[in-house]
Each structure stands twice: as structure tokens, then as C-alpha cells.
Amino acid sequence: YGGEEVESSPADGALSMINRMNCVSCHGVDLKGTNLGPSLYNIKEYWSRDNLINYLRNPVSYSGDERFEAYKKEYNSIMPSYSNYDVKDLVKVPDDLLSL
């Protein structure tokens with residue numbers, strides 16, 4: 001990880017988690033997407049806070065969903081699991097991502 005900082009304005013706890021989880025490597029420094037992952041802006045159209053936490057913990061469980069299959073083909077990558085992170089840390093991320 002190159003220590004890139006996210007240019008949006010998430011709270012310090014979420015910013016720290018976004019950096020620890022290395023979201024910027026696929027979703028971009030500004031979280032607006034790259035050729036490796038989609039933009040994280042306007043995800044509230046598809047996600048609730050609880051669903052996003054569950055997804056971060058086990059993205060493979062969403063396999064078969066039409067949108068995820070399209071993303072897998074478009075980005076030629078798979079979202080990693082963050083089940084090794086404490087839920088107390090993971091819950092910091094969705095509130096800020098859902099506000100983008």
C-alpha cells in the first residue's frame with residue numbers, strides 16, 4: 001500500500017478504515033472508480049448500512065446477483081472479504097460511503 005489518502009471527507013475513523021482496507025487501490029484515490037473497481041459514489045441506491053457491512057464481511061455470498069456478475073466481467077476482479085476486521089471497525093465505513 002502506497003499510503004494514498006482519500007480526497008473525500010469521511011470522518012477520521014472511516015478514513016482510517018478506508019485506508020487500512022486499501023479501498024483506493026481498486027476504487028481510486030477519490031473513490032470514483034478505476035478500471036479495477038466501480039465508483040463508491042451513490043451506492044445508497046443499492047445498499048443499506050447493514051447490507052453493506054454484510055457485503056464487506058462476505059462479498060462472495062452476493063455471487064449470482066446480476067449486478068455483481070456484470071461488475072466481475074467489467075472489472076475483471078473480485079471484491080476481497082474483510083471478515084478478518086473487527087465489526088466495530090467495519091461499521092465506521094458504510095455511513096461515510098453511503099453519504100458520498
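**Salt bridges and a buried tyrosine**

Student: Which residues are linked in a network of salt bridges?
Tutor: Arg20, Asp89 and Lys92 form such a network. A salt bridge here is a side-chain nitrogen of Lys or Arg within 4 Å of a carboxyl oxygen of Asp or Glu.

Student: What kind of model is this?
Tutor: It is a predicted model, in which local features need pLDDT of at least 70 and side-chain atom pairs pLDDT 80 or more, while totals for chains, interfaces and linings use all residues. Residues are numbered from 1 along each chain as its sequence is written, and side-chain values use heavy atoms, without hydrogens and water.

Student: Back to Lys92 and Asp89: what is the N to O distance in their salt bridge?
Tutor: For Lys92 and Asp89 the distance is 3.4 Å. Lys92 has a relative accessibility of 35%, so it counts as partly exposed (buried is under 20%, exposed over 50%, partly exposed in between, with a 1.4 Å probe and protein chains only).

Student: How many salt bridges does the count come to?
Tutor: The count comes to five. One of them joins the side chains of Arg49 and Asp95, with 2.8 Å from N to O. Arg49 belongs to helix 3 and Asp95 to helix 6 (residues 92-97), so this pair ties together parts 46 residues apart in sequence. Helices are DSSP runs (H or I, at least four residues), numbered from the N terminus.

Student: Are Arg49 and Asp95 buried or partly exposed?
Tutor: Arg49 is partly exposed, at 33% relative accessible area, and Asp95 is partly exposed as well, at 42%.

Student: Which residue forms a salt bridge with Glu69?
Tutor: The partner of Glu69 is Lys72, and their closest N and O atoms are 3.4 Å apart. Both lie in helix 4, three residues apart, so about one helical turn separates them. Glu69 is partly exposed at 26%, and Lys72 is partly exposed at 34%.

Student: And what happens just after helix 4?
Tutor: Asn76 takes a positive phi there, of about 50 degrees.

Student: New topic: where is Tyr85 found?
Tutor: Tyr85 sits in the loop between helix 4 and helix 5 (87-90).

Student: Is Tyr85 buried or exposed?
Tutor: Tyr85 is buried, because its relative accessible area is 15%.

Student: Which residues is Tyr85 in contact with, leaving aside neighbours within four places in sequence?
Tutor: With contact meaning heavy atoms within 4.5 Å, Tyr85 touches Met17, Arg20, Met21, Arg57 and Leu90. Met21 is 64 residues from Tyr85 along the chain, yet their C-alpha atoms are separated by 8.9 Å.

Methods
Helix = DSSP H or I, 4+ residues; strand = E, 2+ residues; numbered from the N terminus.
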